[in-house]
Amino acid sequence: MSSSTLSRQTSQPRTTPSPGKAGLSLRRSRDNVNGWAFATPFLVFFLVFLVWPILYGFYMSLTGKSLTGANDSLIGFANYAEAFADAGMWRSLGNTLYFTVISTVPLVLVALVMAALLNIGLPAQWLWRLSYFAPFLLASTVVSLFFVWMYNPQLGLINDFLSKFGIPKVGWLNDPNVAMWSIVIATLWWTVGFNFLLYLAAMQNIPVQHYEAASLDGAGPWRQFFSITLPQLTPTTVMIVLLQILASLKVFDQIYQMTAGGPGGSTRPVVQYIFETGFTGYRLGYSAAISYIFFGLIVLVSALQFVITRRRSA
């Protein structure tokens, strides 16, 4: 073999045989099988614990189902018609909306102030973070019991402190005009730490160059806060407000443990009304109908928040 033939053979690129259509189809089928194998456990839990309860709950709301086992037949939308005419449901729903409004505002503003104070560089920051966030780790039962004793008209520390200034004792959990505000104060102390951490993380992610440039232009701390910090926190604020509204609409634990919905039903939320209707009044179908009306309200609030967020980001 001549040298020219040898060089011509070695200069030709080596090519690997491409897989045929059968090989590609087999590989895709294998990938699909592996993907479904990984997704199947989640899909099973999703269908069993979310989709099926939603469908069965809606079916139950169309029946007169009771814990006694009587009248399981379909009655159409009679439960919904009765719910819309139920003064007790509307009152409990009003209590829920009232709690949502008066609790969301301080839970956002107080968390913002706490994060701003810590962000300016207070000493022993780890201690401040721990003290602000630690109550959030407590169980609702512990918090409720703590504030029940604090609010005790005769032995509570709050009334004892007020009596030193000549202020008469207050029935914090016994007065219909004060009970809801008392629960809001307990909720604020308990859950504000979560919003505080979200705000603090967002503040610490704001570039320092913004503040340095503002300082060179003569902007003081207040001007920097309102012109730089607050605008940069808009996405975080929208997220916190949305999460707080959804959490407040589902309030149940602390109210049930502190007042059981009293006095006179002035603090009873709609979740407690659904619970009492189904498991105390034995009307599972009717309680399911109320729960789906409440579910529709939550979906509506979430949709409004989504529209507002999209308009601000556009």
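This is a predicted model: local features need pLDDT of at least 70, side-chain atom pairs count only at pLDDT 80 or more; totals for chains, interfaces and linings use all residues.
Biologist: Where does N177 lie among the helices?
Modeller: N177 is in the loop between helix 7 (157–163) and helix 8 (179–204). From N177 to F275 the separation is 98 residues in sequence, and their C-alpha atoms are 24 Å apart in space.

Biologist: How do you know which kinds of element the protein chain contains?
Modeller: Helices and strands are taken as DSSP runs; the protein chain has 14 helices and zero strands.

Biologist: What does the radius of gyration of the protein chain show when set against a compact globule?
Modeller: The rule for a compact globule of 314 residues gives a value near 20 Å, but the protein chain has 30 Å. The C-alpha atoms fill a box of roughly 115 × 75 × 35 Å along the principal axes.

Biologist: How many of the residues are called buried, and on what ground?
Modeller: Buried means under 20% relative accessible area, and 33% of the 314 residues in the protein chain are buried. The accessible surface comes to about 19,500 Å², with 69% of that area belonging to carbon and sulfur atoms.

Biologist: Where do the charged side chains stand as two sets?
Modeller: The protein chain has 18 positive and 10 negative side chains, and the centres of these sets lie 18 Å apart.

Terms used. Residues are numbered from 1 along each chain as its sequence is written. Side-chain values use heavy atoms; hydrogens and water are left out. Helices (H or I, at least four residues) and strands (E, at least two) are DSSP runs, numbered from the N terminus. The radius of gyration is taken over C-alpha atoms; the globule rule is 2.2 Å times the number of residues to the power 0.38. Buried means under 20% relative accessible area, exposed over 50%, partly exposed in between (1.4 Å probe, protein chains only). Accessible areas come from the Shrake-Rupley method with a 1.4 Å probe; for residues, only the protein chains shown count as cover. Lys and Arg count as positive and Asp and Glu as negative; His and the chain ends are not counted. The place of a charge is taken as NZ of Lys, CZ of Arg, CG of Asp or CD of Glu.
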